[in-house]
Amino acid sequence: MATELSRGNLFEPQLVTDLFNKVTGKSSLAVLSNQTPIPFNGLKEFIFSMDSEIDVVAENGKKSLGGVSVEPMKIVPIKVEYGARISDEFMYASNEEQINILKAFNDGFAKKVAKGLDLMAFHGINPRTGAASTVIGNNHFDAKVEQQVTYTTDTAEDNIESAIEMVQGAENEVNGLVLATEVTSALSKLKANGVRQYPELRFGANPGNLNGLKLEINNTVKNTTSKDVGIAGDFQNAFKWGYAKQIPLEVIQYGDPDNSGKDLKGYNQVYLRAEVYLGWGILDGKAFARLVTA
């Protein structure tokens, strides 16, 4: 088994499926939007803008120009990785025990990928360092979504309504809402004539919808580099994400692969490293509005 788990092997297909099932359940963007397979060399999406409305034409009447604008957008996957040191007893464990270790690693990796997808696509940061990523560039909500509503705790309900109106005013639909916990906490305390208006949000609950609108509660929408506390918009049609299905898994037995200054052999360890290629794109910035603190 040790020779089979040498450097450069791939995750088993069932582990890949399990990994992204978990990602879809834990990433707000994955929950609210549609996933599409992303090839290694990228995926091109064509954005059509119809310049006019449909035209009524009389019998034998003349047709007029409608007009269309076509703007290609390429979604290019970027590589992210996660690694961890474990005891070198892994190399001598039974097949069943090795599989259990890999499943545990897969569970943790899924959580990190899910959170990382949100942080990268919302804010354009490297999740590990918290700093802006030149690899991501401007391919994130903070850069591409210019429509903003200033949020205050006392007017949380009105602020959300204003954000939705802003998106609808740009002739887009709103089918998803992601809010930070401070916003849902404010809503849970809102009363009218002594009656709580959003009791389903009390005690940190995540009901999955708010007045019929799909809801995700996740603090990944917040970040130290931005003032976001919520985003409303057309997640199903104006945001795409996906991953390349081949996920390399390395079992490294020698050296110092994490640059920690500790040689693996010197500490009786091996290093598990997984890489995944994720891609995403915001097809129309006006299909979203951000709630931001003053």
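Trainee: Before we start, what does buried mean here?
Mentor: Buried means under 20% relative accessible area, exposed over 50%, and partly exposed in between, with a 1.4 Å probe and protein chains only. This is a predicted model, where local features need pLDDT of at least 70, side-chain atom pairs count only at pLDDT 80 or more, and totals for chains, interfaces and linings use all residues. Residues are numbered from 1 along each chain as its sequence is written, and side-chain values use heavy atoms, leaving out hydrogens and water.

Trainee: Fine. Is Phe-109 buried or exposed?
Mentor: Phe-109 is buried, at 3% relative accessibility. Phe-105 is buried too, at 11%.

Trainee: How many aromatic pairs does the structure hold?
Mentor: Seven. Phe-105 and Phe-109 form a stacked one, 6.2 Å centre to centre with 20° between the planes. Rings of Phe, Tyr and Trp (its six-membered ring) pair if their centres lie within 6.5 Å; planes under 30 degrees apart are stacked, over 60 edge-to-face, the rest tilted.

Trainee: Why are Phe-105 and Phe-109 separated by about one helical turn?
Mentor: Because they are four residues apart in helix H3. Helices (H or I, at least four residues) and strands (E, at least two) are DSSP runs, numbered from the N terminus.

Trainee: And the pair of Phe-141 and Phe-239, how far apart are the centres?
Mentor: The centres are 5.5 Å apart and the planes are at 35°, so the pair is tilted. Phe-141 lies in helix H4 and Phe-239 in strand E13 (residues 239–243), so the pair ties together parts 98 residues apart in sequence.

Trainee: Switching to E13. How many of its residues are buried?
Mentor: Five of the five, so E13 is largely enclosed by the rest of the structure. Phe-239, Trp-241 and Tyr-243 point one way; Lys-240 and Gly-242 point the other way.

Trainee: Which strands pair with E13?
Mentor: Strand E2 (residues 34–35) pairs with E13 in the parallel sense, over two bridges. There, Asn-34 has Lys-240 as its bridge partner. Strand E15 (residues 269–282) runs antiparallel to E13, joined by five bridges. Gly-242 stands opposite Gly-279 in E15. Strands pair if DSSP finds at least two bridges between them.

Trainee: Last one. Where is Asn-139?
Mentor: In the loop between helix H3 (95–123) and helix H4 (141–144). Asn-139 is buried at 18% relative accessible area. Not counting residues up to four places away in sequence, Asn-139 touches Met-120, Ala-121, Lys-144, Trp-280, Gly-281 and Ile-282. Contact means heavy atoms within 4.5 Å.
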